[in-house]
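Q: Could we go through this model together? I would like to discuss its packing and its sheet.
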Amino acid sequence: MKCKYYKKCSGCQLQNLDYPEQLKYKQKQLNTLLSKYGRVERIIPMEHPFNYRNKMQCAFYYDTRQKRLASGVYQSTRGSVVSVDYCMIEDEECQEIARTVTKLCTSFKLKAFDERKGSGFVRHLLIRKGFKTGEVMLVIVTAGVNLPKKTSFVNAVIKAHPSVKTIVQNVSPDGINLTLGERSFVLYGSGYIEDELCGCRFRISPESFYQVNPTQCEILYNTALKLAEIKDTDRVFDAYCGTGTIGIIASKNAGEVLGVELNAAAVYDAVKNAKNNGANNIYFECADAGDYITELTKAGEKFDVVILDPPRAGATVRFLKALCKMKSDRIVYISCNPQTLARDLNFITTHGYRAKKIQPVDMFPHTKHMECVVLLSKN
């Protein structure tokens, strides 16, 4: 299956290769970057590598040829929107909802925001779906506050798509493309949806980080926790914990789990998630992971297992220094960027640890992005 928008969109950089060839390409890249630290296991493929994204964003623009509002994929390199009527990696229902909302914007006479002119109203859509629950959240991002005929607008969306359980208006008067502003208004429902992952239930808010491929995420997390070999006497430190997903799953087998996350909204969701799952042995702190683990180390705190899942930039040097000084028995590093993973492994393996297993998981078929789990133990 080849996408006709492949060259225009550039979202799926490996679309020119068949899926088995994509896996070979990724394996070669990973071997080049990581094999000096240990044997890189064969990448775990996705059984059905299509329509796997449970999150989609589409930007609004004015189509000068059709002379109407339209939506499509925002291309950051060109700073323009590519008209796309079907995406092979995004969830099909989410795409159908996006098409409905685009038509409704036209019928309600809502104008697309024009960055150059500084005029217009609707910026973009964010749609998230719980694959296990089927719940859908719609976030409409606007430049101004007053959404005309919002009750009628909401009713029209719900009538067309009953699976939409909540609708949120986010106001971003001067934000860059595809980002959320600081103010949000719940127009319908609770303001969040829920999904199930590895036997636990999690709430997803507009700002929450939640893996976009839940099918492969279960494989990723189960692999990480299998490598961690957590026992009921273990203390676990979950760094960059987000909404607490992997920490809460790990708490089933651990004695105690401490999660640290800088994003206050994510911590709020993490606390709610722990309560909803009856996880009474996990605690959360809103803090910079590097600063917090440094203070823990100074205080002589010891954790048996450290799990870290940092952003694409990787862990900070401050964090890595404190991590190695803590001398935990096992470190499980989950990475979405093999370049920064290689950099951080170089630091950790020269400060008393060795990589025991490197396991890639294909989380993002048809793209160049690669995810890895690495188990490190003390020399």
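Q: Leaving aside neighbours within four places in sequence, which residues is Val332 in contact with?
A: In this predicted model, Val332 is in contact with Ala224 and Ala228, with Val306, Ile307 and Leu308, and with Val373, Val374 and Leu375.

Q: And which residues touch the most other members of the largest nonpolar core?
A: That core has 53 residues, and Val332 belongs to the group with the most contacts to other members, along with Tyr221, Ile230, Ile248, Phe284, Ile307 and Ile334. Helix 5, residues 214–228, supplies the largest share of the core, with seven residues.

Q: What does a second, separate core include?
A: The second core has 37 residues, among them Leu258, Leu296, Phe303 and Ala342.

Q: Turning to the sheet, in what order do the strands run?
A: The sheet is open and has seven strands, ordered 12-11-10-13-14-16-15, with mixed pairing. From one strand to the next, the twist averages 15 degrees.

Q: Which strands stand at the edges?
A: Strand 12 (282–286) and strand 15 (353–361) do; each has a single partner strand, so one side of each lacks a neighbour in the sheet.

Q: How do strand 15 and strand 16 pair?
A: They pair in the antiparallel sense over eight bridges, strand 16 being residues 371–378. Within strand 16, Lys378 is the bridge partner of Tyr353.

Q: Which strands does helix 5 touch?
A: Helix 5 packs on the sheet and touches strand 13 (305–308), strand 14 (330–335), strand 15 and strand 16. The direction of helix 5 makes about 165 degrees with that of strand 14.

Note on methods:
Residues numbered from 1 in each chain as written. Predicted model: local features only at pLDDT ≥ 70, side-chain atom pairs only at ≥ 80, totals over all residues. Heavy atoms only, no water. Core = buried A, V, L, I, M, F, W, Y, C linked by side-chain atoms within 4.5 Å. Buried < 20%, exposed > 50% of the residue type's maximum accessible area, 1.4 Å probe, protein only. Helix = DSSP H or I, 4+ residues; strand = E, 2+ residues; numbered from the N terminus. Contact = heavy atoms within 4.5 Å. Pairing = 2+ DSSP bridges. Axes fitted to C-alpha atoms, helices over the stretch in contact; angles between N-to-C directions.
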